[in-house]
Amino acid sequence: MKKTIYSKFDKTRIAELEPVLFDGRVVEVLNEGEAERAVKYLLSQSELGIDTETRPSFQKGPMNPVSLLQVSDRQVCYLFRLNHTGISPSIRRLLEDATVPKIGLSLHDDLMQLHRRHDFVTGNFIDLQDHVREIGIEDMSLQKIYANLFHRKISKRQRLTNWEADVLTERQKLYAATDAWSCIMIYDELQRLKQTNDYELIKVEANG
């Protein structure tokens with residue numbers, strides 16, 4: 001039976017879905033020594049999910065610097081606390097790596113914020129927004145894309161919390177890890193659907 005996907009997923013249906021959380025190991029990175037070990041591990045993997053978080057500013061003016069870089073494989077997610085480490089040499093090596101694909105969503109914004117912290121040569125990044133269009137999905141948010149493909153809900157409740165707090169809460173850590181890990185899950189499923197054509201696309205009108 002072919003998987004049913006929609007060109008636009010009904011946002012009102014998301015609340016009814018079962019939530020999904022990363023169930024692997026989450027590791028905070030607070031200094032260059034930890035970053036070096038994390039990057040060595042990550043660059044030995046076949047593909048990575050990536051995302052960033054920034055402490056929200058509730059007033060008009062310049063955005064705060066990006067606070068967190070989360071990079072995950074299927075089992076482990078590293079949370080690079082950039083407000084502690086900055087773009088250290090190891091983190092720069094990760095971002096400039098041209099071999100291991102780093103998969104994210106709306107990467108232009110993430111990379112722009114990372115470049116504002118420190119200049120680097122952008123390595124091998126894959127933006128999911130380019131790939132969902134290839135099978136007819138028009139939604140561009142991680143939550144809607146994941147719900148469309150897997151019928152599970154990624155909660156966004158922690159998005160506007162303080163990502164520069166001295167101690168991140170467990171909910172913040174899981175939120176950040178889930179966002180990065182889910183990018184791998186989406187990419188793999190998109191590749192499978194494109195290769196097998198094992199899906200039926202239901203076109204939904206803009207007001208549907």
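In helix H2 (residues 32–42), Ala 35, Ala 38, Val 39 and Leu 42 are buried, where buried means under 20% relative accessible area, exposed over 50% and partly exposed in between, with a 1.4 Å probe and protein chains only. Seen down the axis of H2, these buried residues fall within an arc of 100°, so they line one face of the helix; the arc is that of the directions from the helix axis to the C-beta atoms. This is a predicted model, in which local features need pLDDT of at least 70 and side-chain atom pairs count only at pLDDT 80 or more, while totals for chains, interfaces and linings use all residues. Residues are numbered from 1 along each chain as its sequence is written, and side-chain values use heavy atoms, with hydrogens and water left out. Helices (H or I, at least four residues) and strands (E, at least two) are DSSP runs, numbered from the N terminus.

**Around helix H2**

- Arg 37 and Lys 40 are exposed on the other side of H2.
- The buried residues of H2 pack against strands E3 (25–29), E4 (48–54), E5 (66–72) and E6 (76–81) and against helix H4 (89–96); contact means heavy atoms within 4.5 Å.
- The N-terminal end of H2 is capped by Asn 31, with a side-chain oxygen 3.1 Å from the backbone nitrogen of Gly 33.

**Largest pocket**

- The largest pocket has a volume of about 740 Å³, a volume being the space filled by probe spheres set on grid points joined across faces, edges and corners.
- Of its 25 lining residues, Asp 51, Thr 52, Glu 53, Asp 110 and Arg 159 are the closest to the centre.
- A pocket is an open set of points on a 1 Å grid over the protein atoms alone, where a 1.4 Å probe fits, with protein on both sides within 12 Å along at least five of seven lines; lining residues have an atom within 4 Å of a point.
- E4 gives the most to the lining of the largest pocket, with 5 residues.

**Second largest pocket**

- The second largest pocket has a volume of about 380 Å³.
- Among the 17 residues that line the second largest pocket, those closest to its centre are Leu 21, Ile 154, Ser 155, Lys 156 and Arg 157.
- H8 supplies the largest share of this lining, 4 residues.

**Asp 179**

- Asp 179 lies in helix H8 and is buried, with a relative accessible area of 2%.
- Not counting residues up to four places away in sequence, Asp 179 touches Asp 51, Glu 53, Gln 70, Leu 142, Ile 154 and Lys 156.

Methods:
A polar contact is a pair of N or O atoms within 3.5 Å; within protein, one must be able to donate a hydrogen and the other to accept it, and residues adjacent in sequence count only if both atoms are side-chain atoms.
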